[in-house]
Amino acid sequence: MRLTTWNVNGIRNPFSYQPWNTARTFPAMFDILGSDIVVMQELKIQRKDLRDDMVLLDGWDCYFSLPKHKKGYSGVGMYTRNATCSPIRAEEGLLGVLPSPTGVPYRDLPEGESIGGYPNAFQIAELGVDPDALDAEGRCLILEFPAFVLFGVYSPANSNGLRDDFRYGFICALDCRIRNLIRAGKRVVLVGDLNVSRDELDGANCLDDMRKAGLTHEEYLSKPNRRIFNQLLIGGEVFGSRDEGREQGVLWDTTRGMHPERKGMYTHWETKINARPGNFGSRIDFVLVSESMQSWVKDANTQDGLLGSDHCPVYVDFHEMVQSHEKEIKLLDVMSDPGVFEDGKRQKEWKLTDVPAFSGKRLTEFDKRRSIKSMFAAPALPKLASTAPERSPSPTKQDLGATPMSENEGSKTKSDVSESNGTARSPALKRKASIPDKPKPSKRQKSETIASVSKGQQSLKGFFTRGKATTVESPLNDVKEELQSSAIQERLTTPVPPTPSPAGTTATNDVETFDADGPPSVTASPGSQAHSPASAFTASPTSFSARVAAVEQSQKSWSNLFARPIAPLCEGHTEPCKTMRTKKKGENQGRSFWMCARPVGPSGAKEKGTEWRCPTFIWCSDWQGKRGEEKIGDGG
């Protein structure tokens with residue numbers, strides 16, 4: 001049996017990557033993972049965002065703890081394979097203050113209906129945070145099997161120190177709940193993104209951070225959250241006397257236990273610096289089990305080769321035969337209700353009514369729904385005999401009669417005639433028959449319709465260049481045509497001065513005539529000199545050329561304004577750089593800069609003469625100023 005935990009950074013995010021984008025279904029994903037229990041963190045959805053393909057999965061049951069108020073944030077989900085396991089109880093939250101499906105808070109349910117181990121009033125008061133707010137963010141989901149109690153957790157991250165109290169209260173509540181359950185005699189498995197590392201071996205940049213902050217090894221391990229975490233672990237390094245109630249570690253780190261000396265065993269990589277190719281990451285995703293379950297573990301490892309998130313899956317494999325209460329049993333026998341499996345063989349079929357009421361399939365939105373596969377698997381209904389009347393033949397003129405009809409009778413529709421002769425017609429056909437036939441549009445009407453549909457601004461560039469959406473030519477050509485038309489109009493409205501006539505003749509004015517499809521022509525009176533038709537366009541050549549040049553310059557200016565800036569080339573590889581924005585508080589917060597686009601190397605430092613990121617760094621403001629100076633110097 002395999003148990004997998006994975007921070008997916010959005011429940012649908014993995015489907016954009018191989019191999020998940022082939023089938024794009026959750027059962028296919030779980031089969032590739034080869035797991036019987038899959039725990040996901042950071043779903044980034046709310047209850048209203050749940051869909052059939054997330055909940056109604058054939059062969060799988062599901063459970064969700066989602067944020068109650070904040071949208072697109074946090075969220076934990078668990079999927080269990082019905083063929084191998086089925087929980088006996090399920091709930092959300094660490095403190096038990098949230099309402100159960102019956103409306104009663106989990107901590108107030110009868111002993112046989114609740115998982116137990118809830119912190120008492122004194123322990124909650126020591127947390128220093130609001131219990132309702134702690135459980136309302138969708139950060140903890142708990143399933144109980146006869147074999148153990150499974151915690152799926154997404155711990156708060158270190159958000160620049162803004163929520164240190166909330167983060168510390170959460171890990172203290174988690175430590176308290178787990179220890180209470182172990183004292184009650186239950187085994188515990190804790191999996192998820194805990195957002196804390198054990199020591200320097202679990203972070204590629206730990207030593208560098210310690211050097212910058214001036215911290216010693218002892219000071220680094222004595223950070224409040226890391227100290228609580230190490231006290232929870234068996235073999236965790238703790239300086240000074242241990243806290244009261246935390247005298248011993250109770251959970252075993254399966255991944256580190258199976259690979260004690262392995263370096264670079266990371267589960268999370270920063271996407272903003274493209275840290276995954278160089279394996280510059282940290283290990284903050286864990287699978288922890290009770291001390292009595294160490295012998296159950298067959299293998300545990302990370303799957304850093306599987307993409308789909310900024311985290312990778314982490315799994316643990318359990319033996320088929322395990323030790324329980326000083327005897328060896330099959331693990332399947334204690335992963336469902338007693339009597340469902342005996343000696344590893346199923347005795348009872350899985351039923352939805354037997355699963356906890358917190359199951360996703362029993363939510364009000366899905367409890368009456370079925371998947372497509374289950375619908376086709378249902379027995380087919382008996383085929384009903386057809387009761388439709390036989391269709392009568394079409395009436396002839398003799399059937400309708402030869403007597404002349406009045407004006408009202410002549411206005412009958414075809415549907416009325418059919419009904420009068422016993423022909424059955426559907427309501428849809430009646431409505432269709434009652435609609436008068438429209439005249440067939442001509443070619444000119446079709447072209448006008450297409451032109452009217454295409455009218456309007458089609459793009460932002462088209463707005464600034466005054467382009468016509470119905471033409472495929474350059475917008476500049478349209479402007480030229482418009483200017484030429486205005487020149488012609490100006491020529492028509494300007495009176496033509498009389499032409500001096502030779503001696504002995506009478507001066508008369510020329511008359512310009514226009515053909516509908518051709519250029520203007522000139523008809524001269526006898527004895528006069530005809531004007532050239534080109535004179536209409538050469539009246540003011542300087543002003544016309546200036547207006548065209550102004551339009552071209554305006555179009556070029558707008559194009560340059562909206563064009564993406566040219567990226568500088570990095571020093572080490574002569575490749576285009578990428579832009580980043582400074583988020584660290586200070587005078588440079590919000591400023592953008594150019595840097596080498598290659599991923600950081602295993603050292604995390606900027607390296608010269610290697611395949612990893614080089615030290616190139618240019619402020620965007622400086623680069624734009626340099627480019628502007630170069631253009632001015634070139635006379636641009």
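I'll start with a strand pair: β22, residues 592-595, pairs with β23 in the antiparallel sense, over 3 bridges. Within that pairing, Trp594 has Ile618 of β23 as its bridge partner. Before going on, note that this is a predicted model.

The pair belongs to an open sheet of 3 strands, ordered β21-β22-β23, with antiparallel pairing. Which strands stand at the edges? They are β21, residues 578-581, and β23, residues 617-619. Each has a single partner strand, so one side of each is left without a neighbour in the sheet. On average, neighbouring strands here are turned by 35° against each other, with direction ignored.

Now the chain as a whole. It has 636 residues, of which 38% count as buried. The secondary structure comes to 19 helices and 23 strands. If you take the contacts with a separation of 6 or more, 63% of them are between residues 24 or more positions apart.

Next, a helix pair. Helix α5, residues 164-183, packs against helix α8, residues 224-232, at an angle of about 10°, and the axes are 10 Å apart. Angles under 35 degrees count as roughly parallel, so α5 is roughly parallel to α8. Which residues of α5 and α8 make the contact? On the α5 side they are Arg167, Tyr168, Ile171, Cys172, Asp175, Ile178 and Arg179. On the α8 side they are Pro224, Asn225, Ile228, Phe229, Gln231 and Leu232.

Last, a single residue, Asn82. Where is Asn82 found? Asn82 lies in the loop between β4, residues 76-81, and β5, residues 89-92. Is Asn82 buried or exposed? Its relative accessible area is 9%, and the cut-off for buried is under 20%, so Asn82 is buried.

What does Asn82 touch, leaving out residues up to four places away in sequence? The list is Gly59, Trp60, Asp61, Arg346 and Trp350. With one of these, Trp350, there is also a polar contact: the side chains of Asn82 and Trp350 are joined at 3.5 Å.

To recap the three sites: the open sheet β21-β22-β23, the packing of α5 and α8, and the buried Asn82.

Notes:
Residues are numbered from 1 along each chain as its sequence is written. This is a predicted model: local features need pLDDT of at least 70, side-chain atom pairs count only at pLDDT 80 or more; totals for chains, interfaces and linings use all residues. Side-chain values use heavy atoms; hydrogens and water are left out. Helices (H or I, at least four residues) and strands (E, at least two) are DSSP runs, numbered from the N terminus. Buried means under 20% relative accessible area, exposed over 50%, partly exposed in between (1.4 Å probe, protein chains only). Contact means heavy atoms within 4.5 Å. Two strands pair if DSSP finds at least two bridges between them. Axes are lines fitted to C-alpha atoms, for helices over the stretch in contact, and angles run from 0 to 180 degrees between N-to-C directions. A polar contact is a pair of N or O atoms within 3.5 Å; within protein, one must be able to donate a hydrogen and the other to accept it, and residues adjacent in sequence count only if both atoms are side-chain atoms. Angles under 35 degrees count as roughly parallel, over 145 as roughly antiparallel, 65 to 115 as roughly perpendicular and the rest as oblique.
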